[in-house]
Amino acid sequence: MSVQERKQRERAERERLIVATARELAEQQGWDAVTTRRLAERIEYSQPVLYSHFRGKREIIGAVALDGATEMAAALRAATAAAADGPRGRVAALARAYLDFAAANPAVYDAMFQLDGGLAFAQESTPEQLKDAFAALLETLGEVAGEGVHPGVFTEVFWAALHGQATLTRAGRLPPEYVDQRVELLVDRLAAL
C-alpha cells in the first residue's frame, strides 16, 4: 500500500469516526449537544481536523442523514423480502419497518427529515443514498398504486403518512399502542389492499 493510499484510508476512517461519534452523541443527548468542540474532545482530534473533513455541523448532519438513508433502505428491503403474504404483506412489512427504523433511530431520523443537512431532495442533485431510500419505498408501493395513479406520487403520499405517524407518535401526539391499527388502515384504505 502506498503512502497516499494509507493517508486516504486514514482520512476515510477519521471521517467515519466523526460521523459515528456525532450520531452517538445525538442519539444520547440530542442534536443540540453535537458541537465541533465536543466532537473533537470525544474523538481526540483537534477542531481543525474536524473542519478538514466537514465545514461544520450542517455537513455532519448531512453525512449522518446519508448513512441513515442507506440503513433505512436496507431495512425496508429486508422487511419486504421477508414478507410472504403477497403485496398486502409487503406493504404492511414496509410500513412497520419504516416506523420501527424511525423509532429506533430518532436522531438519525431527525437528520434525514427534520434538520438542515444541506441535502437536496427530489432534485437532480439529490444524493444517491436518498434516491435509493425512496426507491426502496417505491419498489413495493409502486406495485399497489392503482390504475391511473402515478407510482411516485402514490409513494410520496404513503411516505408522508408514515412520516406523520413517526413524528407525531414520537412527539406524544399519537398514542403508541395504536401503531398496528394505523398501519392496517394505511394498508387497507390508502393502498386499497
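Me: In this predicted model, what relative accessible area counts as buried, and what as exposed?
Reply: Two cut-offs divide the residues, with partly exposed in between. Exposed means over 50% relative accessible area. Buried means under 20%.

Me: Is Arg 23 buried or exposed?
Reply: Arg 23 sits in helix α1, which covers residues 3–29. Its relative accessible area is 18%. The cut-off for burial is under 20%, so Arg 23 is buried.

Me: Which side chain makes a polar contact with that of Arg 23?
Reply: Leaving out residues up to four places away in sequence, Arg 23 touches Val 64, Glu 71, Asn 105 and Val 108. A polar contact of 3.4 Å links the side chain of Arg 23 to one of these. The partner is Asn 105.

Me: Is Gln 165 buried or exposed?
Reply: Gln 165 belongs to helix α8. Beyond four places in sequence, Gln 165 touches Leu 99, Leu 174, Val 179, Arg 182, Val 183 and Leu 186. The relative accessible area of Gln 165 is 8%. Burial needs under 20%, so Gln 165 is buried.

Me: How does Ala 78 count in terms of accessibility?
Reply: Ala 78 lies in helix α4. Its relative accessibility is 47%. That value falls between the cut-offs of 20% and 50%, so Ala 78 counts as partly exposed.

Me: What distance separates the C-alpha atoms of Ala 78 and Lys 131?
Reply: Along the chain, Ala 78 and Lys 131 are 53 residues apart.

Me: Which element gives the most residues to the largest nonpolar core?
Reply: This core holds 52 residues. Those touching the most other members are Trp 31, Leu 76, Tyr 98 and Phe 158. Elements giving two or more residues include α1, α2, α5 and α8. The top contributor, with ten residues, is α4.

Me: Which residues does Leu 76 touch, not counting those up to four places away in sequence?
Reply: Leu 76 is among the core residues that touch the most other members. Its contacts beyond four places in sequence are Leu 94, Ala 97, Tyr 98, Ala 133, Ala 136 and Leu 137.

Me: What is phi of Glu 44, and is the residue buried or exposed?
Reply: Most residues other than glycine have a negative phi. Glu 44, in the loop between α2 and α3, has a positive phi, near 60 degrees. Its relative accessible area is 72%. The exposed class starts over 50%, so Glu 44 is exposed.

Me: Where does Ala 122 lie, and what is its phi?
Reply: Ala 122 is exposed, at 79% relative accessible area. The residue is in the loop between α6 and α7.

Me: How many helices and strands does the protein have?
Reply: Read along the sequence, the pattern is α-α-α-α-α-α-α-α-α. The count is nine helices and zero strands.

Me: What share of the residues is buried?
Reply: The C-alpha trace spans about 55 × 40 × 30 Å along its principal axes. The accessible surface comes to about 10600 Å², with 52% belonging to carbon and sulfur atoms. Of the 193 residues, the buried share is 38%.

Me: How far apart are the mean positions of the positive and negative charges?
Reply: The protein has 22 positive and 27 negative charges. Their mean positions are apart by 6 Å.

Definitions and conventions: Residues are numbered from 1 along each chain as its sequence is written. This is a predicted model: local features need pLDDT of at least 70, side-chain atom pairs count only at pLDDT 80 or more; totals for chains, interfaces and linings use all residues. Side-chain values use heavy atoms; hydrogens and water are left out. Helices (H or I, at least four residues) and strands (E, at least two) are DSSP runs, numbered from the N terminus. Buried means under 20% relative accessible area, exposed over 50%, partly exposed in between (1.4 Å probe, protein chains only). A polar contact is a pair of N or O atoms within 3.5 Å; within protein, one must be able to donate a hydrogen and the other to accept it, and residues adjacent in sequence count only if both atoms are side-chain atoms. Contact means heavy atoms within 4.5 Å. A nonpolar core is a set of buried Ala, Val, Leu, Ile, Met, Phe, Trp, Tyr and Cys residues joined through side-chain atoms within 4.5 Å. Accessible areas come from the Shrake-Rupley method with a 1.4 Å probe; for residues, only the protein chains shown count as cover. Lys and Arg count as positive and Asp and Glu as negative; His and the chain ends are not counted. The place of a charge is taken as NZ of Lys, CZ of Arg, CG of Asp or CD of Glu.
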